[in-house]
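Welcome! Please take a look at the sequence and the 3D view before reading on.

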Amino acid sequence: QVQLVQSGGGLVQAGGSLRLSCAASGSTFSIGAAGWYRQAPGKQREWVATISSGGSTNYADSLKGQFTISRDNAKNTVYLQMNRLTPEDTAVYYCHAELGNRAYWGQGTQVTVSS
């Protein structure tokens with residue numbers, strides 16, 4: 001079964017850092033374009049960042065300089081490095097990626113930032 005498997009969330013104090021991972025499983029395809037999204041309680045899912053198959057990146061304006069999206073093609077994994085976290089970053093984070101001719105969502109991972 002093809003899926004994106006996320007890891008790396010958890011509880012962190014304000015000012016801390018976390019790195020999320022999103023690995024392709026059950027697929028012979030390499031991850032193409034990929035992105036991260038997040039959904040805070042009571043809010044709509046919002047776009048965080050994307051990375052192209054060639055490594056070009058884009059970020060939501062409010063997160064530039066704070067979050068970094070990257071990829072390791074050898075591991076078929078995409079990452080989201082999150083620094084200087086604040087309680088406003090508390091959300092469920094989802095990866096989204098192309099595998100072959102389809103796009104998939106990860107299962108979501110909770111990030112909670114305490115003040």
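Which residue in β8 does serine 70 stand opposite? The residue facing serine 70 is tyrosine 79. Keep in mind that this is a predicted model.

**The chain as a whole**

- The chain has zero helices and 11 strands, so a walk from the N terminus reads β-β-β-β-β-β-β-β-β-β-β.
- The C-alpha trace spans about 40 × 25 × 25 Å along its principal axes.
- Buried residues account for 41% of the 115 residues.
- The accessible surface of the chain is about 6,100 Å², and carbon and sulfur atoms hold 46% of that area.
- Among contacts with a separation of 6 or more, 53% are between residues 24 or more positions apart.

**Strand β8 and its partners**

- Strand β8 covers residues 77–82, and five of its six residues are buried.
- On one pairing, β8 runs antiparallel to β3 (residues 18–25), with six bridges joining the two strands.
- β7 and β8 form a hairpin, with four residues between the two strands.

**The sheet around β8**

- Four strands make up an open sheet in the order β1-β3-β8-β7, with antiparallel pairing.
- At the edges of this sheet are β1 (3–7) and β7, each of which pairs on one side only.
- Neighbouring strands of the sheet are turned by 20° against each other on average, direction ignored.

**The nonpolar core**

- In soluble globular proteins, nonpolar side chains tend to be buried together.
- Here the largest nonpolar core has 30 residues, and Leu4, Trp36, Leu80 and Met82 have the most contacts inside it.
- At least two residues of this core come from each of β3, β4 (31–39), β5 (46–51), β7, β8, β9 (91–99) and β11 (109–114).
- β9 provides the largest share of the core, with five residues.
- Leucine 80 touches Leu18, Arg19, Leu20, Trp36, Val48, Phe67, Thr68, Ile69 and Tyr93, leaving out residues up to four places away in sequence.

- Most residues other than glycine have a negative phi.
- Asparagine 76 is not a glycine, yet its phi is positive, at about 50°.
- You will find asparagine 76 in the loop between β7 and β8, and it counts as buried because its relative accessibility is 16%, with the cut-off for buried at under 20%.
- Arginine 84 also has a positive phi of about 50° without being a glycine, and its place is the loop between β8 and β9.

**Leucine 99 and phenylalanine 29**

- Leucine 99 is in strand β9, and its relative accessible area of 3% makes it buried.
- Not counting residues up to four places away in sequence, leucine 99 touches Val2, Leu4, Ala24, Ser27, Phe29, Ser30, Ile31, Asn76 and Tyr104.
- Leucine 99 and cysteine 22 are 77 residues apart along the chain, and their C-alpha atoms are separated by 12 Å.
- Phenylalanine 29 lies in the loop between β3 and β4.
- Is phenylalanine 29 buried or partly exposed? With 48% relative accessibility, phenylalanine 29 counts as partly exposed.
- Beyond its neighbours within four places in sequence, phenylalanine 29 is in contact with Asn76, Leu99 and Gly100.
- Phenylalanine 29 and serine 62 are 33 residues apart along the chain, and 32 Å separates their C-alpha atoms.

Key. Residues numbered from 1 in each chain as written. Predicted model: local features only at pLDDT ≥ 70, side-chain atom pairs only at ≥ 80, totals over all residues. Heavy atoms only, no water. Buried < 20%, exposed > 50% of the residue type's maximum accessible area, 1.4 Å probe, protein only. Pairing = 2+ DSSP bridges. Axes fitted to C-alpha atoms, helices over the stretch in contact; angles between N-to-C directions. Contact = heavy atoms within 4.5 Å. Areas by Shrake-Rupley, 256 points an atom, 1.4 Å probe, with all protein chains shown as cover. Core = buried A, V, L, I, M, F, W, Y, C linked by side-chain atoms within 4.5 Å.
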